[in-house]
Amino acid sequence: MAPGWLRAAWMTALFFGIGFGLVAGIRAFAGWDPAIDWEPIITVAALTMAPIGFLSGLGAFDYWLGWAFGAPTRPDDHSGHGARSWSDYFRINTDHKVIGIQYVTTTIVFFLVGGMLAMLVRAELARPEANFVDPQTYNELFTAHAALMIFLFVIPAFAGLANYVLPIMIGAPDMAFPRLNALSYWLLPIAGIMMLASFFFPGFGAGWTNYAPLAVEQPFGNVFFSMAVQWAGASSIATALNFLVTIITMRAPGMTFWRMPLLVWANFTTSLLVVIATPFIAGSQFFVMFDKVMHTNFFDFAEGGYPLGYQHIFWFYSHPAVYIMMLPGFGIASEVISAMSRKPIFGYRLMALSLMAILILGFSVWAHHMFVAGMAPWLRVPMMVTTLLIAVPTGIKVFSWLATTWEGRINFATPMLWAVGFVSMFVIGGLSGIFLGAVPIVIHTSDTYFVVAHIHYVLLGGSLFTIFAGIYYWFPKMTGRMYNETLGKVHFWLSFLAFNATFFPMHIIGVQGMPRRVYTYDPQFGNWNLFITISSFVLGASFIIFVYNMIVSWRSGKPAPSNPWRALTLEWQVSSPPPLFNFDEIPQVVGNPYEYGVPGARHAILSGERAPTGEAETVQR
Amino acid sequence: MRAGPLIRVILVALLLAAAATAVAIFVPWLPDQASEEAGRTDFVFWFVTAICIGIFAIVAAISVYSFVKFRVRPDDDSDGPPVHGHTGIEIVWTVVPLILVVAMLVVSSVALARNDRVPADHLRVEVLGQQFAWVFAYPEEGMEVGKHKLACIDRETRLIADRCKTSPNLRLPVGRSTRLYLTAREVIHSFFVPEFRLKQDAVPGMTTAITITPTKRGDYPVICTELCGLGHALMRSRAIVTSAAEFERWRRSPSGENGDTSP
């Protein structure tokens with residue numbers, strides 16, 4: 001039967017059945033009572049087997065299985081490559097451009113869902129008393145909000161944008177492993193649906209950090225998070241490996257590492273972080289799940305377990321994850337700021353090296369999340385040293401972006417507004433980060449609303465703003481149509497102002513002592529919280545403009561030229577949208593990607609053009 | 001020509017620094033200061049704040065100037081000057097932040113070391129966090145307790161010995177250092193008193209400790225700041241700081257009496 005949704009439906013059911021039979025059979029055979037115990041059945045059948053059935057049904061494994069079983073395979077069969085109609089976006093597709101769009105649209109859906117959860121959280125917090133949700137629901141709301149935004153929005157949205165533009169930027173016809181790429185994408189909706197389904201099996205309410213032993217004590221729904229993280233994590237790791245191999249092996253001739261656009265550098269470092277760090281969160285969630293489902297004792301101190309062990313493993317991933325959620329944004333900001341200022345990136349090599357510095361330092365700071373957790377006291381000062389040192393490479397990046405705009409010809413089109421909005425908000429988020437890195441201060445501010453303010457300045461003012469910069473910047477390339485500039489600007493200004501009105505006051509109530517993750521709080525914080533809630537609703541409403549702009553412009557926007565921003569990187573040298581395999585002929589790279597204002601400079605020679613005159617070769621830093 | 005922009009940027013920076021300083025001074029940021037430790041923490045807080053205001057003012061001034069001055073006219077298709085970098089400037093903005101970071105590290109480390117000291121003549125209080133209340137237990141004065149041991153709370157059963165006076169509120173004498181030893185019954189809790197600027201997680205199966213030296217009599221909130229389940233938001237208690245004489249009077253009274261509800 002042909003791969004598709006019908007086969008996916010019955011294979012999901014079939015694999016669920018196999019899982020059910022496996023668990024019930026083993027339990028009956030071992031004489032355990034009852035044989036049909038729904039908790040292990042859901043864990044095995046619904047959260048593990050059914051997704052495999054779904055992926056098999058869609059055809060994610062067809063080529064590999066066919067090859068393994070000796071069926072004739074045709075590597076040059078490109079029937080599953082590229083989109084000819086909208087329905088091609090709803091199946092396994094090996095075109096990195098289709099996958100990129102699949103990623104971006106899917107993650108925006110999860111972003112809107114996650115945003116609505118945040119609106120519910122803010123509604124509850126409008127007044128100090130308990131208002132309209134019960135404590136368990138409240139805990140699930142903020143937990144699911146964070147989990148969706150992190151695992152189903154920020155991380156995959158960056159992966160999606162890079163999926164679309166990165167292969168073109170390095171002059172490659174596709175990613176190194178197109179079938180793995182398709183599989184990576186289809187793991188995501190599985191993870192997202194699993195996280196949302198946790199609402200119907202109440203219990204995922206221990207915060208996105210899911211600290212043991214509280215996580216083990218939670219109702220059964222917690223397992224949905226533990227397993228969703230495995231699927232999302234597998235997707236991340238596969239994509240990161242794909243990026244690494246693509247960047248290392250598929251650069252066009254002449255595209256040396258020091259000629260790569262900074263977006264490629266950023267995704268190279270991010271992919272290294274993902275590959276090294278993500279297995280740790282997978283481990284931490286397996287431990288929690290085993291404690292819960294199989295009654296192991298990793299974190300049960302009464303049986304010799306070690307509660308702090310969870311936090312060390314968790315943060316060994318989740319601090320690098322902060323950079324996984326930020327470095328691709330640095331890359332996007334560099335592309336946009338350079339092209340829109342009509343100037344070369346200031347200090348290109350130092351920009352690339354500071355990404356590497358963040359990568360290395362990023363692995364040595366995890367315990368700054370644990371300054372009050374009760375870990376060995378001697379660990380605090382070294383962790384503070386590395387934490388504050390990260391300010392240096394990060395500062396270099398901010399200063400270099402500003403120096404890039406200096407004396408430029410700045411075009412404040414929507415992508416540039418988001419990019420400089422990001423730089424300014426990230427400065428505030430970076431400075432508030434110092435208050436969370438200096439140990440005496442963080443003893444006061446940790447687990448208060450100051451932390452909530454900080455993470456939203458770096459992840460919303462940082463990551464989200466760069467994602468919007470990227471979406472607006474590459475929208476003409478992806479869809480072949482221009483977005484509505486006026487609506488884009490209205491969206492930016494509304495979001496920017498409402499964002500600051502929402503999150504800046506959280507610094508104040510945090511320092512004053514309002515704890516996070518509470519549904520009711522001291523009345524002294526009532527006025528600020530009401531103000532924050534109203535602002536957050538405006539912030540939420542601003543995204544309606546974005547969705548409207550995207551949908552209407554995609555359907556009936558003005559046709560986009562191939563290079564509306566007059567940018568020099570390779571993705572702008574091909575048509576909008578690009579041809580099926582990006583280039584008619586692999587381009588020859590002859591210079592740096594940001595040579596704005598350099599007379600006669602070329603980044604690359606595409607087919608049908610004259611051979612390089614030699615002039616561009618001499619334009620080096 | 002070169003001095004013009006510099007002077008303007010400095011003017012904007014001064015303006016922004018003044019505005020940020022106003023926000024720092026006129027917004028009531030930190031709660032009351034009620035312990036010696038809070039004094040040191042607040043010094044670090046304002047030290048870091050001053051540096052941050054400086055950085056913010058410079059970065060924001062350059063941004064504002066650049067964004068206003070260098071925005072392009074719609075019909076201008078020209079490129080900017082092809083400046084690829086400037087080694088001198090790049091060294092400056094690597095080294096200056098490094099120096100500031102080292103300064104903040106030194107100040108923070110000194111304050112941390114002082115706040116962590118355990119004075120010889122300290123009062124010992126043991127704290128048990130449980131869903132969803134705090135229990136503060138007072139061993140008899142002068143009682144010998146082994147290192148890593150608790151006098152009042154049994155680590156295995158997490159029951160509290162009868163010989164210890166217990167209270168749902170933390171009672172402290174003013175002016176004397178108290179060492180709090182914390183543990184938890186089932187999940188992780190966190191002890192936080194904003195006015196003391198002190199916070200410490202209480203972890204099941206472990207003992208953690210902090211030193212508090214109250215400087216002001218009063219009644220302060222004790223807040224749980226680690227999500228511990230459904231009652232987390234309601235897990236609140238009070239820290240009541242009284243004169244030494246009053247504290248002694250309270251301590252000699254039998255448990256549960258003599259007004260755990262009034263200061």
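## A buried serine in chain A

A:Ser463 is buried, at 0% relative accessibility. This value, like the others here, comes from a predicted model. The residue sits in helix α17 of chain A, which covers residues 449-479.

What does A:Ser463 touch, leaving aside residues up to four places away in sequence? Its contacts are A:Val154, A:Phe158, A:Met325, A:Met326 and A:Val458.

## Helix α4 of chain A

Helix α4 of chain A runs over residues 96-125 and has 30 residues. From first C-alpha to last it reaches 42 Å. That is close to the 44 Å expected at 1.5 Å a residue. Of its 30 residues, 22 are buried, so α4(A) is largely enclosed by the rest of the structure.

A:Asp95 and A:Lys97 meet at the start of this helix. A side-chain oxygen of A:Asp95 comes to within 2.9 Å of the backbone nitrogen of A:Lys97. The two residues also form a salt bridge, with their closest N and O atoms 3.3 Å apart. Both A:Asp95 and A:Lys97 are buried.

Side chains of opposite charge can pair when their charged atoms come close. Over all chains, a search of the whole structure finds 16 salt bridges. Two in chain B are described here.

B:Lys216 and B:Asp32 form a salt bridge at 3.8 Å, N to O. This pair links distant parts of the chain, 184 residues apart. B:Lys216 lies in the loop between β8 (208-212) and β9 (218-224) of chain B. B:Asp32 lies in the loop between α1 (3-26) and α2 (36-69) of chain B.

B:Glu248 is partly exposed, with a relative accessible area of 25%. B:Arg252 is exposed, at 65%.

## The contact between chains A and B

The contact takes 86 residues from chain A and 79 residues from chain B. About 7,200 Å² is buried between the two chains. Carbon and sulfur atoms give 71% of that area. Which three residues supply more than any others to the area that chain B buries against chain A? They are B:His84, B:Trp93 and B:Leu227, which supply 11% of it.

Three salt bridges are counted between chain B and chain A. One of them joins A:Arg380 to B:Asp116, with the closest N and O atoms 2.3 Å apart. On the side of chain B that touches chain A, the elements giving two or more residues are α1, α2, α3 (87-115), β7 (198-202) and β9. Helix α2(B) gives the most, with 14 residues. By class, this side of chain B has 45 nonpolar, 19 polar and 15 charged residues.

Definitions and conventions. Residues numbered from 1 in each chain as written. Chains lettered and ligands numbered in written order. Predicted model: local features only at pLDDT ≥ 70, side-chain atom pairs only at ≥ 80, totals over all residues. Heavy atoms only, no water. Salt bridge = Lys/Arg side-chain N within 4 Å of Asp/Glu carboxyl O. Buried < 20%, exposed > 50% of the residue type's maximum accessible area, 1.4 Å probe, protein only. Helix = DSSP H or I, 4+ residues; strand = E, 2+ residues; numbered from the N terminus. Contact = heavy atoms within 4.5 Å. Buried area = accessible area lost by both parts, 1.4 Å probe. Nonpolar A, V, L, I, M, F, W, Y, C, P; charged D, E, K, R; others polar. Expected span 1.5 Å × (residues − 1). Polar contact = N/O pair within 3.5 Å; in protein donor to acceptor, adjacent residues only side chain to side chain.
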